Amino acid sequence: MPLYLTRFSYTPETWARMIAHPEDRRVAGREYIETLGGQLHGFWYAFGAHDAYALWEAPDNVSMAAVALAITGGGALSSFETTVLLSVEETLEALRRAGQVAYRPPGA
């Protein structure tokens, strides 16, 4: 199954609610992805441009998109970005296939 790295940030209102009522949001994240046959591999808070990171596994892009849409539709986040991760093996196969593409630069 494909892996996905999500970077997200909470709104100030969400932080205020979590300060008043701390909770382990890994539990919610795990429930969301498992509903569609996936798995949460990790969840971390961080300093910097994003408040948190999650590593997910989902059956396909549509399943991950459904989870992302449900989460962002809840209004608790100020940003949510997901990147599909490729294994080394997938990248090597992509490199082999790239050799078959007759790319032409613009204007050439």
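Me: A polar contact is a pair of N or O atoms within 3.5 Å (within protein, one must be able to donate a hydrogen and the other to accept it, and residues adjacent in sequence count only if both atoms are side-chain atoms), so which side chain does Glu23 contact that way?

Reply: The side chain of Glu23 reaches the side chain of Arg25, at 3.0 Å. This is a predicted model, in which local features need pLDDT of at least 70 and side-chain atom pairs 80 or more, while totals for chains, interfaces and linings use all residues. Residues are numbered from 1 along each chain as its sequence is written, and side-chain values use heavy atoms, leaving out hydrogens and water.

Me: Where is Glu23?

Reply: Glu23 sits in the loop joining α1 (12-20) to α2 (25-35), where helices (H or I, at least four residues) and strands (E, at least two) are DSSP runs numbered from the N terminus.

Me: And why is Glu23 called partly exposed, while Ile19 counts as exposed?

Reply: Glu23 has a relative accessible area of 46%, whereas Ile19, in helix α1, has 66%; buried means under 20%, exposed over 50% and partly exposed in between, with a 1.4 Å probe and protein chains only.
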